[in-house]
Amino acid sequence: MLIHPESLTLALTSTIYNFDIDLADAGRGVYESLELRVARHPSETEEYLLTRVLAYCLAYEPGISFTKGLSDGKEPAIAVRDLTGALKVWIDIGTPDAARLHRASKAASRVAVYTHRNPAQLVRKWSNEKIHRAADLELYSIDQALLAGLVALLARRMALALWVSDGNLQVTIGHQSLNGAVERHTL
């Protein structure tokens, strides 16, 4: 039997990463031990994955969860919901377009974007676009050198400690320590 390549459907599967994180964010009074099981979508870069994990930690509060945001474009990458299930915080990663942020600002009282890209380009890109409550949008950039160091150490199972203080991040993995910043930008 002859099978034409066009008739074959390749199913790409996600890769599962397990992160055991001791989180200490003194400014917010958050001290938690997190066990995160994170699916890396086939289209997701390592930098995007790690930005998503760091964003989860930096925004950690009760009701936070990863969503199907990568496979379902109508959801954020990370959501914070109240006890009734209502969306409180919409958190996106990377470089979402203005239409997505416009929709997000109508759906949640707080919208934050954590990026591993150049934040100045995003600010320029969004500055002339219609975004509901654009002045309230929170844009954070993660230090690219920190992300590069984390990518070099990335494994399917990782234990790390993350200390956050005044926008500075210190990540310790085994005997290695990496430092960087998370910076807030305005539109």
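Reply: One term before we start: buried means under 20% relative accessible area. Also, keep in mind that this is a predicted model.

Me: Okay, so is D92 buried or exposed?
Reply: D92 is buried, because its relative accessible area is 4%, and the cut-off is under 20%.

Me: Which strand does D92 lie in?
Reply: D92 is in strand β5, which covers residues 87-93.

Me: What else does D92 touch, leaving out residues up to four places away in sequence?
Reply: Besides R100, D92 touches P76, A77, L101, A112, V113 and Y114.

Me: How far apart are D92 and A55?
Reply: In sequence they're 37 residues apart, while in space it's 8.9 Å from C-alpha to C-alpha.

Me: Switching topic: which residues touch the most other members in the largest nonpolar core?
Reply: Those are F19, I21, L23, I91, Y114 and L162, out of 44 residues in that core. Helix α1, residues 46-58, gives the largest share of this core, with nine residues.

Me: How many residues of α1 are buried?
Reply: 11 of its 13 residues are, so α1 is largely enclosed by the rest of the structure. Among them are Y48, T51, R52 and C57.

Me: What span should α1 have, and what do its ends show?
Reply: At 1.5 Å a residue, α1 should span 18 Å, and its end C-alpha atoms are 18 Å apart, which agrees.

Me: Last one, α3: which residues there are buried?
Reply: In α3, residues 119-127, they are P119, L122 and W126. Seen down the axis of α3, these fall within an arc of 55°, so they line one face of the helix.

Me: What do the buried residues of α3 pack against?
Reply: They pack against α2, β6, β7 and β10.

Me: And what happens at the start of α3?
Reply: There, a side-chain oxygen of N118 comes to within 2.9 Å of the backbone nitrogen of A120.

Conventions
Residues are numbered from 1 along each chain as its sequence is written. This is a predicted model: local features need pLDDT of at least 70, side-chain atom pairs count only at pLDDT 80 or more; totals for chains, interfaces and linings use all residues. Side-chain values use heavy atoms; hydrogens and water are left out. A nonpolar core is a set of buried Ala, Val, Leu, Ile, Met, Phe, Trp, Tyr and Cys residues joined through side-chain atoms within 4.5 Å. Buried means under 20% relative accessible area, exposed over 50%, partly exposed in between (1.4 Å probe, protein chains only). Helices (H or I, at least four residues) and strands (E, at least two) are DSSP runs, numbered from the N terminus. Contact means heavy atoms within 4.5 Å. The arc is that of the directions from the helix axis to the C-beta atoms. A polar contact is a pair of N or O atoms within 3.5 Å; within protein, one must be able to donate a hydrogen and the other to accept it, and residues adjacent in sequence count only if both atoms are side-chain atoms. The expected span of a helix is 1.5 Å times one less than its number of residues.
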